[in-house]
Amino acid sequence: MNASLGAHSQRVDIGVIGLGYIGLPTAVVLADNFDAVAGYDIDDARRRFVENAVAPFVEPGLDQLLKKTVTSGKLVVTDSIATAENFVIAVPTPISEDRSADLTYIFSAIESLAEILRGDELLIIESTCPPGTTARLVDRIVELRPDLKEAVDSERMGIAYCPERVLPGNIIEELQSNDRIIGGYTTNASNRAAKLYSQFCRGQLWLTDSRTAEMSKLAENAFRDVNIAFANQLELLCAQNEVDVWELRELANKHPRVNILEPGPGVGGHCIAVDPWFLVGAEGNAPLIESARHLNDSKPQNISNRIVELVQSVDEPHILALGLAFKENVDDVRHSPAVEVVRIFSEARPDAEITVIDPLVSVCPPEIQGISNVHFLREMPTDFAGVDVVVVLVAHNEFKDLTLSQFGEVKLVDTRGLFKGSM
Ligand code: SAJ
């Protein structure tokens with residue numbers, strides 16, 4: 001245990017398990033609203049970052065709130081899970097090779113937690129899970145701790161599934177302003193969880209059962225994926241039919257009931273590119289959702305093909321790629337389609353020189369690290385002489401002031417519409 005926990009040696013108000021992209025912002029917002037919050041993460045380096053009040057990733061407002069809550073002692077980091085009255089579990093649920101949900105982390109968190117439970121706690125699961133997971137976790141607790149069966153049956157112990165819904169890049173604000181779905185394993189658990197969220201959440205709280213809440217989270221992300229796939233489908237059609245997709249989108253969206261999302265190089269991140277698969281894998285059929293996933297996943301190959309075509313007659317072409325993150329203004333490269341485009345193209349044209357710039361990403365992603373014709377930079381070069389093609393992969397704010405004329409005589413593949421209107 002961290003020495004600073006001494007001040008809270010009774011029980012903290014809330015223990016947050018998992019200090020990642022969701023858990024850490026949640027912990028700081030909770031600590032801003034409660035007296036004693038203890039954060040725990042399995043990763044040693046992550047714990048050191050947080051206890052030193054250093055934000056381990058880029059997220060607006062996180063740095064300040066982390067400093068404030070650590071300095072005031074309201075947020076402490078512990079080297080094992082501290083006893084608490086309430087627990088919020090926000091560990092990853094990655095996707096396995098066969099596209100099913102890998103529930104190793106969540107089960108492992110519950111198993112560690114089971115060792116210290118007293119039987120009157122409220123356990124809240126925020127990690128994205130396939131329908132039925134909360135019930136399985138309850139079974140696992142009782143299997144490990146048969147003495148807690150009475151606490152579960154009598155509802156002395158509460159378990160609820162309350163999915164996170166925050167948008168990377170606006171997490172601190174959305175944690176407090178978004179409506180929340182509160183899916184109690186029992187009604188009593190819903191009520192207890194609602195009471196906790198009402199302490200810091202200005203949005204409305206919608207109470208339901210855990211299974212509906214699990215599925216509703218997946219439905220939200222699948223909805224967005226399907227809608228992005230529609231935009232990407234249109235983009236592919238427009239490219240074939242010599243229509244500017246950005247102009248088309250703007251015009252179609254003038255209709256009062258049409259709202260087409262933005263096409264791009266594909267869909268990345270740890271949520272939208274993953275969660276719809278958990279619905280595809282659930283009982284029943286989901287061909288629309290599955291097809292949207294395939295379409296969005298095919299986009300990086302398609303973009304690479306277009307670059308290949310543009311430089312077909314050029315020996316040792318020089319490509320300047322803007323952006324590597326999975327979307328604008330974040331440093332997260334998980335499942336990034338931008339990384340995929342660079343990787344696929346570098347294999348297709350090993351003679352090409354590819355310079356990739358991302359001012360937010362600190363380390364070259366492993367997928368393209370060590371590829372000899374890929375050069376990763378964090379700053380924009382001052383000289384663009386010799387560049388044949390500029391490929392826009394992410395519309396970071398840092399790129400917004402660029403003008404096409406700066407690059408001289410180049411061809412353009414603008415997957416994000418950064419230069420729309422300036423052609
Ligand atoms: N994208 C497009 N076109 C668009 C919008 C997004 O190509 O019009 C791409 C982005 O560039 C990115 C991917 O989709 O590669 C996902 O980005 P996003 O901004 O749509 O979503 P995330 O993954 O950052 O966050 C989503 C959000 N879900 C919904 O909007 C339904 C967020 O509210 C969730 O909390 C989050 O997933 C999560 O953690 O599940």
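In the side chain of Glu164, an N or O atom lies 2.4 Å from an oxygen atom of the ligand. This is a polar contact (a pair of N or O atoms within 3.5 Å). The model is predicted: local features need pLDDT of at least 70, side-chain atom pairs count only at pLDDT 80 or more, and totals for chains, interfaces and linings use all residues. Residues are numbered from 1 along each chain as its sequence is written, and side-chain values use heavy atoms, with hydrogens and water left out.

Asn221 has a side-chain N or O atom 2.7 Å from an oxygen atom of the ligand. For Lys327, that distance to a ligand oxygen is 2.9 Å. Taken alone, the ligand exposes 770 Å², and the protein buries 90% of that (areas by the Shrake-Rupley method, 1.4 Å probe).

## The shell around the ligand

The ligand is surrounded by 21 residues (each with a heavy atom within 4 Å). Glu164, Val166, Lys217, Arg224 and Glu262 are the closest. Helix 9 (residues 210–241) gives the largest share, five residues. Helices here are DSSP runs (H or I, at least four residues), numbered from the N terminus.

By class, the shell holds nine nonpolar, nine charged and three polar residues. Asp, Glu, Lys and Arg count as charged; Ala, Val, Leu, Ile, Met, Phe, Trp, Tyr, Cys and Pro as nonpolar; the others, Gly among them, as polar.

## Where helix 4 meets helix 5

Ile106, Phe107, Ile110, Glu111 and Ala114 in helix 4 meet Arg136, Leu137, Arg140, Ile141 and Leu144 in helix 5 (heavy atoms within 4.5 Å). This contact has seven nonpolar, three charged and no polar residues.

Definitions and conventions: A polar contact is a pair of N or O atoms within 3.5 Å; within protein, one must be able to donate a hydrogen and the other to accept it, and residues adjacent in sequence count only if both atoms are side-chain atoms. Helices (H or I, at least four residues) and strands (E, at least two) are DSSP runs, numbered from the N terminus.
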